[in-house]
Amino acid sequence: MTDSKKVVVVGAGWAGLGATYQLAKQGYDVTLLEAGSQTGGLVAGWKTEGGRSVEAGIHGFWYPYRNIFSLVKELELDPFTDWTRSAQYSPAGLEVESPIFQELPRLPSPLGTFAYTQFKRLPLSDRLSALPLMYAVVDFDNSDQAWQRYDGMTARELFRQYGVSERLYRESFEPMLLVGLFAPGEQCSAAAALGMLYYFILAHQADFDVVWCRGTVGEKIFKPWGDRIQNLSGKILYDQRVSDICVDEFDKVTAVTCGDEKFDADAVIFGVGISGIQKIVAGSKTLQKRREFRNLMNLGAIDVLAVRLWCDRKVNVPRPSNACFGFDKTTGWTFFDLNALHDEYTDETVSVIEVDFYHANQFLPLDNQEIIEIVQNYLTSCIPEFANAKIIDSSVIRLPRAVTHFAPGSYQHLLRAVTSFPNLYMSGDWVITNHGSWSQEKAYVTGLEAANLVIQQLSQGNMTQILPIEADEPHIQIARSLNQTLRNTVNSLLSGFLGLS
């Protein structure tokens, strides 16, 4: 339609593509600007000079990703593996094996998580030391008040305060933080730790179940998704690095500039990561005038290292996805059997292994050969058969400042979807939302939320349905209600006492 409202979306990851797709479906004249050469950002993959597929780390799709699973169904795609089992290793060998939780009789949360997970060495007494932590889980309801209560504390302080044993923390909770929030507990916000652990593990028994893309996410999801957007007349422009925005006398954004090129807009959505938005703010005279955007420079991001190895033989890897701890104090890592996960490697006679390191800053300065030797030694500690394998090809991808760092005290600097510019909206996995989701699902959901705000403001089209996370189980709802009543009563008594005094 010729009178369609113009919307510019910045960033072609989950958030930006989600917003663009929904607006294109509603008839908007929408332009998606991507600084890179393809959709997907860090989630997308590409080919090496030798034609081998690589990507910036493997991304899982967990049971609670209701909106992403709904999108994939709508796009009529079939990108995922079956639900997979996982394992956890330390330098001593196998430590934990996880079942497919949805296949087992459902127990009240979080009993199923602890009862069905197969701990090889961790004593029951240590596992039981986690019980007092349930109060914090109940108390943290993802509200703004809860974030403010817990964000100033480190995750390490939280677990110590609630009496979690040192061994349980070291062998269970810290590894979860290193691969879930990508940093050690003393560098993670307690609020973020509670939110992440509840969403992925503790809320419902099946939440830890996961599927994987049967190839790169870029090829299996983002490419056909981008094609659908363009079939709807949405425009996706690559190599467009945003330099500033233009505003009128009413503070409304009228255009986005990329160097000498200007894209007119009735509304704008940013859907970029922390590093991306910081680069935009650093170059934008307009955004620098607003404290909310200047404060984004206080946020941090974490280095990631993605290594892919081709071995000269088939190594028996019992589980397709594996998390590891205890090899480096501040670094978590995972390894994946791509022969079991990716279609193109199913019939290979050699093993193809992906190894991803999080909070990998100390590894990035090393040369590729040093990194490969470290990786093979670590793999051998987990599965001795790797010692006999020869590496015949490899890929090493360094990703500085690649993922959001939810550091203690960072909540005060995060942005919400609505900004001080009346028609500029934010989305991404670091943006504040009440939805409760995390990671890729959160990025996608915030893109949908931003699109709905545009639809609401410009009065064109229908709002997009966003699927909520599964409701808390009844006993958790009762506990949270009682806790909130008690908190309100105590606050009321304290207010009255202070008023009288």
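# Notebook: helices, pockets and rings

**Helix H1.** I began with helix H1, residues 14-25. At 1.5 Å a residue, its twelve residues should span 16 Å, and the end C-alpha atoms are 16 Å apart, so the two agree. I note here that this is a predicted model.

Is H1 enclosed or open? I checked burial residue by residue. Eleven of the twelve residues of H1 are buried, so the helix is largely enclosed by the rest of the structure. I listed the buried ones: Trp14, Ala15, Gly16, Leu17, Gly18, Ala19, Thr20, Tyr21, Gln22, Leu23 and Ala24. Then I stepped past the end of the helix. Just after H1, Gly27 has a positive phi of about 90°.

**Second largest pocket.** Next I looked up the second largest pocket. It holds about 370 Å³ of space. I found 23 residues in the lining. Nearest the centre of this pocket are Tyr198, Tyr199, Gly436, Ile469 and Glu470.

Which helix gives the most to this lining? Two helices came up, H2 (66-74) and H9 (190-202), each supplying at least two residues. H9 gives the most, with four residues. I also sorted the lining of this pocket by class. I got eleven nonpolar, six polar and six charged residues.

**Cavities.** I then turned to the cavities. The structure has three of 30 Å³ or more. The largest cavity has a volume of about 140 Å³. It is lined by 16 residues, and Asn142, Trp147, Ile432, Thr433 and Lys442 are the closest to its centre. By class, I noted seven nonpolar, six polar and three charged residues in the lining of the largest cavity.

The second largest cavity has a volume of about 50 Å³. I wrote down its lining: Glu55, Ile58, His59, Trp212, Cys213, Gly215, Val217, Leu341 and His342. Five of these count as nonpolar, three as polar and one as charged.

**Aromatic pairs.** I looked for ring pairs and found 38 aromatic pairs in the structure. I picked out Tyr65 and Phe200. Their centres lie 6.3 Å apart with 55° between the planes, and the pair is tilted. Where do the two residues sit in the chain? Tyr65 is in the loop between strand E5 (60-62) and H2, while Phe200 is in helix H9. They are 135 residues apart, and the pair links distant parts of the chain. Tyr65 and Phe200 are both buried.

I took Phe357 and Phe363 as another pair. Their ring centres are 5.0 Å apart and their planes meet at 55°, so this pair is tilted. I checked burial here too. Phe357 is buried, with a relative accessible area of 1%. Phe363 has 6% relative accessibility, and I count Phe363 as buried because the cut-off is under 20%.

**Charges over rings.** Arg156 has its charged end over the ring of Tyr169, 3.8 Å from the ring centre. Lys442 has its charged end over the ring of Trp438, at 5.4 Å from the centre.

**Gln278.** Is Gln278 buried or exposed? I found this residue in helix H11 (residues 274-283). Gln278 has 7% relative accessibility and counts as buried. I also took a distance from Gln278 to Ala155. They are 123 residues apart along the chain, and their C-alpha atoms are separated by 26 Å.

**Backbone.** I finished with the backbone. Which two residues does a cis peptide bond join? The bond is between Ser109 and Pro110, with omega at about 0°. Pro110 is placed in the loop between strand E7 (93-98) and helix H3 (111-116).

I then looked for positive phi values outside glycine. Glu76 has a phi near 60°. Glu76 lies in the loop between H2 and strand E6 (86-90). Glu76 has 70% relative accessibility, and I count it as exposed because the cut-off is over 50%.

Asp239 also has a positive phi, about 55°, although it is not a glycine. I placed Asp239 in the loop between strand E10 (235-237) and strand E11 (244-247). Asp239 is exposed, with a relative accessible area of 57%.

Key
Residues numbered from 1 in each chain as written. Predicted model: local features only at pLDDT ≥ 70, side-chain atom pairs only at ≥ 80, totals over all residues. Heavy atoms only, no water. 1 Å grid on protein atoms, 1.4 Å probe; cavity = no way out; pocket = protein on both sides within 12 Å on 5 of 7 lines; lining within 4 Å. Points joined across faces, edges and corners; volume = space filled by probe spheres on them. Nonpolar A, V, L, I, M, F, W, Y, C, P; charged D, E, K, R; others polar. Phe/Tyr/Trp six-rings, centres within 6.5 Å; stacked < 30°, edge-to-face > 60°. Buried < 20%, exposed > 50% of the residue type's maximum accessible area, 1.4 Å probe, protein only. Lys NZ or Arg CZ within 6 Å of the ring centre and 35° of its normal. Expected span 1.5 Å × (residues − 1).
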